Amino acid sequence: MSRGQGGALLVIGDVVTDVVARHRALPPAVGRGDPRLTSFPRGTDTAARIRILPGGAGANAACWAARWGCGEVTLLGRVGEDEAGWHEKHLRAAGVRPLLVPDAEAPTATVIALVDATAERTFLTDSGAVLRISPADWSPSLLDGVGHLHLSGYLLFADTSRELALLALESARARGVPVSVDPASAGFITELGVDRVLAAVDGAAVLIPNGDEARLLTGLSDPADAAAKLSRHVPLTVVTLGAEGALVAESGRVTARVAPFPADAVDSTGAGDAFTGAFLAARLAGADAATAAAQGCRAGAEAVTVVGGRP
C-alpha cells in the first residue's frame, strides 16, 4: 500500500452477530491464588453480563477506519436476509456504506465471545452466510474510486468465499489498487493449512497478522523473526502484539517497533480489527507505516475499553 494513495477504502469480509458474555471465571492456573477469581465451572450456571452486538472482523475494521477519519468506507459482505436491515442500520450509523448480500438459505454468522476477567476472549464461531459469499457477488466496478482493498482472512477458509477473495485481489492488482489481508484466525489457519493460506495472500501488499498467526505462518517463535520472514512474502507486514504494541517489517527486515498505548481493558474483542481499521485509514491519509501502526495501537487501546468490537 503506497503512502498517500488516497481514495476510498473497500472492505470485503464478515458481518457477524456477536453474543458477548463477560464473566469472572478464569482457567484454574490463572485464577489460583486470587480469592475473587474462580476457575470456570462445568455442568452448572456461571453468572455473566451478556449483550448482543453487531460484529465481524471485516465489519469492525470498516467501522474503525471510518472512526479514524477515512472519508469513504464501503463493506461488501453476506448476511442472513432476516438480519440484513439490522446490520445495515448499524454500519450506516458508524459511517460505513453497506453492500450486504442477503442470503435466504443461511443465517447471519454468529459468534459467542466468552470474555474472562483478564479481558481475554474465546470465540465460538458459526460462520453462517459469511462463507457463502461468491464470485457472483463481485463486480470490478466496486473498485471504482477505491484507493485500497482490504480482505478479511475469514474469507479464505471456505472454497466459495476464497474464490471470491482471490478474484477481488486479482481485480485490484490489475487496476493498481493495493490489497491488505488480515489472516484472521490461528485456529482456522491450522485447519486450512499454512501453505494454502500463504498461497492465497500472494500478491497482497500488506499483511496484518497477530503474533500467534505470524508464528504459525512461519514456524518461528520470535515475532520479530516471523514478521521479517513474512515481509519477504508480503512486502509490508505489520504484526500486532496486543499489550506489547506492534512490529513493522518491510521487505525482509523489521523497520519499526511500535509501543503500546495504556488502557484499562474490559473486552479484547475487536482490538485487532480496530488496529487494522485505524492503520489503513492513516495510510490512506499519507502516514508512513510506523506512524500508521502507532495509530493502530491507539485504536486498539480504545477498543479494549468498550464491550464488543465496534467504536
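Predicted model: local features only at pLDDT ≥ 70, side-chain atom pairs only at ≥ 80, totals over all residues.
At what angle do helix 7 and helix 8 pack, and how far apart are their axes?

## Helices 7 and 8

Helix 7 and helix 8 (residues 223–230) pack at an angle of about 65°, and their axes lie 9 Å apart. Axes here are lines fitted to C-alpha atoms, for helices over the stretch in contact, with angles running from 0 to 180 degrees between N-to-C directions. Residues are numbered from 1 along each chain as its sequence is written, and side-chain values use heavy atoms, with hydrogens and water left out.

The crossing of helix 7 and helix 8 is left-handed (near helix turned anticlockwise from the far one by less than a right angle; clockwise would be right-handed). On the helix 7 side, Ala214, Arg215, Leu217 and Thr218 make the contact, and helix 8 brings Pro223, Ala226, Lys229 and Leu230; contact means heavy atoms within 4.5 Å. Sorted by class, that contact has five nonpolar residues, one polar and two charged. The nonpolar class is Ala, Val, Leu, Ile, Met, Phe, Trp, Tyr, Cys and Pro, the charged class is Asp, Glu, Lys and Arg, and the others, Gly among them, are polar.

## Helices 9 and 10

Now for another pair: helix 9 (residues 271–284) and helix 10 (residues 289–303) have axes that come within 7 Å and cross at roughly 145°. This crossing is right-handed. Helix 9 contributes Ala271, Ala274, Phe275, Ala278, Phe279, Ala282 and Arg283, while the helix 10 side includes Ala289, Gly296, Cys297 and Gly300. By class, the contact comes to 12 nonpolar, three polar and one charged residues.

Helix 2 (residues 57–67) is mostly covered, with 10 of its 11 residues buried. Buried means under 20% relative accessible area, exposed means over 50%, and partly exposed is in between (1.4 Å probe, protein chains only). Among the buried ones are Asn60, Cys63 and Trp64. After helix 2 comes Gly69, with a positive phi near 100°.

There are five aromatic pairs in the structure. In one of them, Trp64 and Trp68 sit 6.3 Å centre to centre with 50° between the planes, a tilted arrangement. Rings of Phe, Tyr and Trp (its six-membered ring) pair if their centres lie within 6.5 Å; planes under 30 degrees apart count as stacked, over 60 as edge-to-face and the rest as tilted. Trp64 and Trp68 are both buried. Elsewhere, Tyr154, Phe157 and Phe188 form one aromatic cluster.

## Salt bridges

The model holds nine salt bridges, each a side-chain nitrogen of Lys or Arg within 4 Å of a carboxyl oxygen of Asp or Glu. Asp103 and Arg78 form one, with their closest N and O atoms 2.8 Å apart. That pair links distant parts of the chain, from strand 5 (residues 96–103) for Asp103 to strand 4 (residues 73–80) for Arg78, 25 residues apart. Both Asp103 and Arg78 are buried. They also belong to a salt-bridge network with Glu105, Arg132 and Asp137.

Two other bridges lie within helices. Arg173 and Glu170 meet at 3.9 Å, N to O, and they are about one turn apart because three residues separate them in helix 4 (residues 159–174). Arg173 is partly exposed at 46% relative accessibility, and Glu170 is partly exposed at 45%. In the other, Asp212 and Arg215 meet at 2.9 Å, N to O, again about one helical turn apart, being three residues apart in helix 7 (residues 211–218). Asp212 is partly exposed at 48%, as is Arg215 at 29%.

## Loops worth a look

Ala184 has a positive phi of about 85° although it is not a glycine. Ala184 lies in the loop between strand 9 and helix 5 (186–192) and is buried, at 15% relative accessibility. Ser251 is not a glycine either, yet has a positive phi of about 50°. Ser251 sits in the loop between strand 12 (246–250) and strand 13 (253–258), where Ser251 is exposed at 60%.

How values were computed. Helix = DSSP H or I, 4+ residues; strand = E, 2+ residues; numbered from the N terminus.
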